[in-house]
Amino acid sequence: MMLNDLILGFSVAATPINLFYCLMGSLFGTLVGVLPGVGPVVTIAVLLPATFALEPTSALIMLAGIYYGAQYGGSTTSILLNLPGETSSVVTCLDGHAMARQGRAGPALAVSALGSFFAGCAATLLIALFSPLLGAIAVRFGPADYFSLMVVGLVGAVVLAQGSLLKAVSMIVLGLLLGLVGTDVNSAVSRFDFGLPELADGINFVVLAMGLFGIGEIIVTLERRKDEEGTVIPHGRVWPSRDDVRQSWKPVLRGTALGSLLGLLPGGGTALASFAAYALEKKLSRSPERFGKGAIEGVAAPESANNAAAQTSFIPLLTLGLPSNAVMALMVGAMMIHGITPGPQIMTSRPDLFWGMIASMWIGNLMLVLLNMPMIGLWVRLLRIPYRLLYPAILLFACIGIYSVSNSAFDVGLAAAFGLLGYVLVKAAFEPAPLLLGFILGPLMEENLRRAMTMSRGDAGVFLREPVSLVLLLLAAALLALTLLPAVKRGRQEVFVE
Amino acid sequence: MSIRNTSDFVSGLALVAVGGGALFAARDYAMGTAFRMGPGYFPALLGGLLALLGIAISLRALWIDEGNRMGGVAWRPLVLVLGGVLSFSVALGVLGLALASLLALTVSALATHDVRHWEVPVLSLGLSGFSLVVFVYGLGLPIKIWPV
């Protein structure tokens with residue numbers, strides 16, 4: 001039966017017109033992933049009106065292509081420019097950019113593309129095999145389970161943060177608070193808006209991310225770059241060496257598995273997947289001190305994980321009608337425009353659309369790896385541009401990108417403020433990455449905490465009575481306890497001291 | 001008693017201020033009960049938590065020194081990079097994309113210590129034109145281009 005479904009899917013996806021839109025989506029995705037400041041959210045939002053005239057299947061195939069295409073392109077900017085196009089490639093910056101500075105940008109890009117391709121293939125197969133089954137499991141998750149799941153994600157972020165645990169936790173809490181700015185969905189009260197109407201809709205994720213990581217990082221880089229003349233980095237060989245492959249195939253497998261699982265869960269998605277995959281590799285590694293200094297596992301695992309998650313995050317959307325992130329929310333919008341209600345009925349009422357989209361993901365991944373592997377040389381050549389010419393360009397694209405998210409010049413000014421915050425945090429030895437994760441999960445956590453507490457009539461014990469929630473909380477506690485062990489603690493401090 | 005790590009001590013105090021500020025602002029929002037949480041419940045919880053974490057970081061800085069030092073502030077990149085972004089934000093609505101890009105590029109291009117002065121106008125003009133072509137004509141962003 002599944003074979004027939006897949007054959008149907010490929011017969012839909014392989015029509016010339018759908019192949020064309022798949023290619024367009026993948027290419028567009030890579031392009032915007034590479035262009036700093038313009039991510040898939042902006043692109044999909046801008047292109048949404050352009051898809052009105054298309055057949056719904058073609059439209060969704062192209063929009064999906066932009067999303068996973070950007071996962072390929074996003075890692076390129078993370079590695080070459082230390083500028084994540086999205087949260088999902090924030091962790092790739094740590095080791096990917098470190099590798100680039102060591103002249104190993106080529107292998108970093110190649111491993112990330114090949115890992116993504118493997119993850120894409122595996123995730124497509126997983127969707128086809130398990131989407132009915134996995135949907136049935138995820139549908140049973142209650143608010144308490146979701147809350148505990150997000151706690152695990154945040155603890156993961158603390159574990160992977162360098163330096164003081166206290167500082168990492170405080171960054172998460174600060175991020176959670178920033179996530180609450182704007183109108184509360186339950187009561188319509190506008191919180192922490194300082195009387196500014198521009199803040200009523202909350203702080204846009206792109207604004208925060210570009211400010212903290214884009215603008216803040218540029219200032220830090222300009223400050224630290226004092227002695228060197230230019231930044232011409234010899235990139236070395238493009239293809240990974242035998243050692244690189246030996247070191248990265250296991251992380252790719254683990255990243256794919258973890259990413260597929262986390263992408264499935266609402267509120268998880270690509271960001272949580274890449275963070276968790278990185279934390280897992282760092283924990284499993286026999287030499288965790290290499291992480292953050294150009295460990296190839298730190299590129300292979302999160303890049304595989306985010307691509308796997310980008311694809312499996314379609315499962316809750318297609319089977320439950322539940323968007324797990326901003327891009328999926330836009331996909332819901334796209335489906336509604338074409339008169340399709342996302343939900344379990346799609347599989348039976350529009351099998352051509354459901355399976356056609358799944359088949360197109362595999363085709364799109366194949367196109368991406370075939371197009372990108374030869375083009376890596378081109379991306380690497382970007383490094384030959386001196387930084388004094390590069391950073392004004394990055395700043396301008398970031399400004400235009402931030403503006404275009406909601407056509408707001410105020411957002412550009414707000415990003416400058418977050419740029420200042422990013423600079424101050426780095427100077428005071430606080431890591432900004434946990435802040436971003438807290439920011440994304442803040443509203444979701446509040447929503448699920450409220451719902452769980454309402455359902456249990458104000459009894460916090462519900463988090464320990466629900467079996468799934470209990471297991472997740474124990475997992476979080478175990479992770480936290482692990483970092484407090486004397487041996488691990490010493491290891492963390494050694495990393496910090498450098 | 002002397003402070004071992006001034007940078008951490010001050011950071012901790014700053015977090016106390018932010019957490020306290022959040023706690024203070026959350027007074028205006030209904031707290032509700034644990035059973036039926038109001039809009040103020042979660043923010044107050046987080047604000048209090050952040051203030052406590054800040055206190056812990058400050059106290060820790062009295063005894064433990066991790067060796068991190070704030071170091072001097074690099075005013076030139078700080079002011080000119082942020083100034084470039086801010087000038088874009090302010091100029092966009094008034095002057096349009098073409099001139100706002102030119103302004104932002106000129107200001108921010110001066111932020112680095114190895115400026116080559118003849119490069120700045122070339123870079124600014126070239127990138128402004130490029131961004132017009134890509135973002136306005138290519139991606140079709142709805143954006144004001146000229147002052148009129």
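A salt bridge is taken here as a side-chain nitrogen of Lys or Arg within 4 Å of a carboxyl oxygen of Asp or Glu. By this rule D184(A), R191(A), E446(A) and R450(A) are linked in a network of salt bridges. The model is predicted: local features need pLDDT of at least 70, side-chain atom pairs count only at pLDDT 80 or more, and totals for chains, interfaces and linings use all residues. Residues are numbered from 1 along each chain as its sequence is written, chains are lettered from A in the order in which they are written, and side-chain values use heavy atoms, with hydrogens and water left out.

**Salt bridges**

Over all chains, the structure holds 15 salt bridges. Four of the pairs are listed below.

| Pair | Closest N to O distance |
|---|---|
| D184(A) and R450(A) | 3.2 Å |
| E447(A) and R451(A) | 3.4 Å |

Helices (H or I, at least four residues) and strands (E, at least two) are DSSP runs, numbered from the N terminus. D184(A) and R450(A), joined by a salt bridge, link distant parts of the chain, 266 residues apart. D184(A) lies in the loop between β1 (182-183) and β2 (190-191) of chain A, and R450(A) in helix α19 (residues 433-455) of chain A.

D184(A) is buried, because its relative accessible area is 3%. R450(A) also counts as buried, at 5% relative accessibility.

R254(A) is partly exposed, with a relative accessible area of 29%, whereas E281(A) is buried, with 2%.

E447(A) and R451(A) both lie in helix α19 of chain A, four residues apart, about one turn of the helix. R451(A) has a relative accessible area of 43% and is therefore partly exposed.

**Interface of chain B and chain A**

The contact (heavy atoms within 4.5 Å) takes 63 residues from chain B and 64 residues from chain A. Buried area is the accessible area (1.4 Å probe) that two parts lose on being put together, summed over both. Between chain B and chain A this area is about 5,700 Å², of which carbon and sulfur atoms give 77%. In chain B, F35(B), F42(B) and V85(B) lose the most area to chain A, together 11% of what that side buries.

Across this interface the rule finds two salt bridges. Twelve residue pairs across the interface are in polar contact (both at pLDDT 80 or more).

On the side of chain B that touches chain A, at least two residues each come from α1 (6-26), α2 (41-63), α3 (75-95), α4 (97-109) and α5 (119-138) of chain B. α2(B) gives the most to this side, with ten residues.

Note on methods: Buried means under 20% relative accessible area, exposed over 50%, partly exposed in between (1.4 Å probe, protein chains only). A polar contact is a pair of N or O atoms within 3.5 Å; within protein, one must be able to donate a hydrogen and the other to accept it, and residues adjacent in sequence count only if both atoms are side-chain atoms.
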